[in-house]
Amino acid sequence: MSKILVTGGTGYIGSHTVVELHNAGFEVIAIDNFDNSYPDVIENIEKISSKKLNFENVDIRDKAALKAFIAKHNDITAVIHFAANKAVGESVQFPLKYYENNVGGTVNLLQALQENNINNIVFSSSCTVYGEATPPVDENAPIPVAQSPYGNTKQICEEVLMDQTKASDLKVVALRYFNPVGAHDSALIGELPIGVPNNLVPFITQTAIGKREVLTVFGDDYPTPDGTCIRDYIHVVDIALAHVAAINYLLNKKYTEAFSVFNLGTGNGNSVLEVIQSFEKETGVKLNYKIGPRRTGDVVQVYASCEKALNVLGWKTERDLANCMTTAWAWEKALAAKNSSSN
Ligand code: NAD
Ligand code: UFG
């Protein structure tokens, strides 16, 4: 049985991926420093998987601790590297935090892997690397200058990984996620935004549950059919399943290049108003929203071409926007029930 290391394993996408790795029969070892997640995620993963999760609290910025951890687990066959900070606005305010954690942490990880001859890694990249591109965006679209330090860390990490494949036996799959949303069907794991959410779907569910008074739609004067921005919203469980496909691709040596990159999206774009309408239709909850000014830095529309992931990884999405809305809502209600019982 192959042993897979998942960094950031108690985070939003990491936790769903650990579950799908368990479902696929992999042995998993996860690390996290709980910077943006909580230890109780571990028991919820275990409940869903009916399997104990091998977990250690390791900070990837701590090179010595990371090296000691990897040396102890040198039978790891592949790594999925999620651990990073991801708030675009915060990255503008504190760029060094982002370069230290996202880039420095990745370099630490690669050094520890090289010392132990571990040569397969799946990296969490983002559609943010494409900036304002003409959709559907494929993997050959140009990579413009990054619009934020966060976006830059993703571009730099891809380059670091590519350079390292040229200098060693390392094999890399970089997955560029579009907009991950939704939660596990069990409503035991999901997204846990700390403070006021930046992202649309958590803001919708928090408004619907009464945690926020009103959702502001950031601009309705864009050159799109209803004037609001268009994104490719993809269910987090579909994203998790793509990681299992990427691991199989690496372990079965299906690659023709040492560094491969794939978009993870649905191939469909939805406007902000369409997402709100879908939420209202699927949940029966009327949402309090208003139209406000544009948000600085938003691209007008972006959605993926997903042909490459289908043709090469044999992966495509199985869940639609409706399912994203119902699972995100069930998760928000489960959080509210948990909070009211602990008060
Ligand atoms: P998340 O914050 O929920 O998960 C990241 C996890 O990494 C957290 O549990 C956090 O505690 C942990 N972590 C952060 N720094 C660490 C460190 N130094 N050592 C150990 N653990 C550390 O975020 P997510 O949404 O699950 O994102 C996972 C990855 O996917 C990130 O690399 C992110 O940049 C990327 N990504 C996310 C999105 C998105 O919209 N969610 C989009 C594109 C790419
Ligand atoms: N939106 C609102 N109101 C809100 C929140 C969002 O109208 O309260 C709109 C945004 O303007 C945008 C859409 O909803 O049009 C989606 O916004 P998100 O913040 O959910 O997602 P983004 O596409 O803006 O951001 C995502 C990732 C980032 C990444 C960025 C790059 O969350 O990590 O894509 O494009 F950097």
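**The domain interface**

R319 pairs with D238 in a salt bridge, with 2.8 Å between the closest N and O atoms (a salt bridge being a Lys or Arg side-chain nitrogen within 4 Å of an Asp or Glu carboxyl oxygen). This is a predicted model, so local features need pLDDT of at least 70 and side-chain atom pairs pLDDT 80 or more, while totals for chains, interfaces and linings use all residues. Residues are numbered from 1 along each chain as its sequence is written, and side-chain values use heavy atoms, leaving out hydrogens and water.

As for the two partners, domain 1 covers 3–182 + 234–265, and domain 2 covers 200–230 + 268–311 + 319–342; the bounds come from an automatic or database domain assignment. Domain 1 puts 22 residues into the contact and domain 2 puts in 19, with contact meaning heavy atoms within 4.5 Å. Their C-alpha centres sit 25 Å apart.

Together the domains bury about 1,800 Å², 61% of it on carbon and sulfur atoms (buried area is the accessible area, with a 1.4 Å probe, that two parts lose on being put together, summed over both). On the domain 1 side, E132, P135 and H235 supply 26% of the area buried against domain 2, more than any other three residues.

Back to the pairings: the rule finds two salt bridges across this interface. On domain 1, β10 (233–235), α8 (236–251) and β11 (259–264) each bring at least two residues to the side touching domain 2; these helices (H or I, at least four residues) and strands (E, at least two) are DSSP runs, numbered from the N terminus.

How values were computed:
Chains lettered and ligands numbered in written order.
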